[in-house]
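Good morning, colleagues. I shall present one structure today, moving from a single side chain to helix packing and then to the backbone. Please look at the model as I speak.

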Amino acid sequence: MPQDSDIVALARMIGEANYVVVFTGAGISTESGIPDFRSPGGLWTRNAPIDFSDFMRSHEARKETWRRRFNMDATLREARPNRGHRAVAQLVHDGKVPAVITQNIDGLHQESGIPADQVIELHGNTTYATCLDCAQRFEIDDLRIEFERDGIVPHCACGGWVKTATVSFGQSMPPEAMRRAQKETLAADLFIAIGSSLVVYPAAGFPELAKRNGARLVILNREPTGLDPIADLVLSRSIGETLGAAVGVD
Ligand code: NAD
Ligand code: ZN
């Protein structure tokens with residue numbers, strides 16, 4: 001791919017920065033085959049999200065939540081990090097990026113080789129489940145077998161409901177991840193928001209905070225976002241080839 005002016009500008013900004021924070025959304029994983037929420041045809045258009053209060057209140061809501069999760073299972077299990085993930089991992093490896101803040105729940109940043117303690121998961125992780133009462137961990141495969149064979153909706157011996165280790169709409173944000181994300185955001189002199197529509201708060205507050213704190217803000221997303229007007233550089237193009245070319249990763 002030719003080094004056009006967008007890519008040269010992004011590479012230069014990365015080169016000039018001392019502390020780069022990368023913030024990712026579902027868009028970085030679409031090239032790995034995982035649909036996002038808000039692209040045309042994305043998950044949102046097919047299934048409105050189930051609120052946490054409904055999950056707690058209703059057996060049917062829990063069953064539907066798990067049915068959707070198991071429907072996505074093959075896609076999630078087969079997904080591998082793509083060129084965008086690899087480019088971010090390279091920046092972490094080079095010491096340019098001390099932390100990746102992600103809204104994603106797919107674990108692909110960790111799978112791309114970024115140490116788990118450098119990935120801040122704002123919305124948790126869907127590759128395993130926990131009891132909402134006693135926090136015991138459950139593996140998705142075991143739960144799926146019981147669900148498919150016996151129609152059993154996952155629950156714990158303690159009586160608690162079992163849910164993927166994700167943060168649902170209506171569920172409180174993980175305090176430690178929020179604290180770390182804020183600290184990293186305030187340390188950044190360059191903040192790169194990648195593949196997020198930037199409409200889900202409080203997550204979308206971080207790029208805004210970075211900019212207000214004096215960092216340069218880059219937005220890489222093929223559709224417009226609400227923060228485009230305050231960004232220093234907006235790249236409305238696909239993630240893998242853009243980031244791959246700017247970082248020099250195939
Ligand atoms: P979103 O779906 O609201 O927005 C994704 C954005 O990425 C869209 O604006 C789209 O135009 C852009 N995009 C998609 N593919 C792209 C590509 N290849 N190149 C450039 N741009 C591309 O995502 P969000 O802002 O992360 O919010 C969705 C919420 O849903 C998150 O909180 C997340 O937890 C959850 N979610 C996660 C996953 C995942 O883990 N992979 C998938 C779906 C939803
Ligand atoms: Zn329990």
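Let me begin with Phe147, which is buried at a relative accessible area of 14%; buried means under 20% relative accessible area, exposed over 50%, and partly exposed in between, with a 1.4 Å probe and protein chains only. This is a predicted model, in which local features need pLDDT of at least 70 and side-chain atom pairs count only at pLDDT 80 or more, while totals for chains, interfaces and linings use all residues. Side-chain values use heavy atoms, with hydrogens and water left out, residues are numbered from 1 along each chain as its sequence is written, and chains are lettered from A and ligands numbered from 1 in the order in which they are written.

Phe147 belongs to helix α8, residues 140-150. Helices (H or I, at least four residues) and strands (E, at least two) are DSSP runs, numbered from the N terminus. Which residues does Phe147 touch, not counting those up to four places away in sequence? They are Lys63, Trp66, Arg67, Phe70, Ile152, Val153 and Pro154, where contact means heavy atoms within 4.5 Å.

I turn now to the nonpolar cores. A nonpolar core is a set of buried Ala, Val, Leu, Ile, Met, Phe, Trp, Tyr and Cys residues joined through side-chain atoms within 4.5 Å. The largest one has 30 residues, and those touching the most other members are Leu10, Val88, Leu190, Ile192, Ile194, Val218 and Leu243. Two or more residues each come from α1, β1 (20-24), α6 (83-93), β7, β8 (216-220), β9 (233-235) and α11. Apart from this core lies another, of 25 residues, with Leu122, Ala181, Leu198 and Leu209 among them.

Leaving aside neighbours within four places in sequence, Leu10 is in contact with Ile192, Val218, Leu233, Leu235, Leu243 and Ala246.

At what angle do the axes of α1 (residues 5-16) and α11 (residues 239-247) cross? They cross at roughly 55° and come within 8 Å; axes are lines fitted to C-alpha atoms, for helices over the stretch in contact, and angles run from 0 to 180 degrees between N-to-C directions. The pair is therefore oblique, given that angles under 35 degrees count as roughly parallel, over 145 as roughly antiparallel, 65 to 115 as roughly perpendicular and the rest as oblique. Ile7, Leu10 and Ala11 of α1 make the contact with Thr242, Leu243, Ala245 and Ala246 of α11.

The axes of α6 and α11 come within 7 Å and cross at roughly 30°, so α6 is roughly parallel to α11. On the α6 side, the residues that meet α11 include Arg83, Ala87 and Val88.

I close with the backbone. The peptide bond from Tyr201 to Pro202 is cis, with omega near 10°, and Pro202 sits in the loop between β7 (190-194) and α10 (205-212). Leu198 is found in the loop between β7 and α10, with a positive phi near 55° in a residue other than glycine. Is Leu198 buried or exposed? At 4% relative accessibility, Leu198 counts as buried. Ala135, in the loop between β4 (124-131) and β5 (137-138), has a positive phi near 70°, and at 54% relative accessibility Ala135 counts as exposed.
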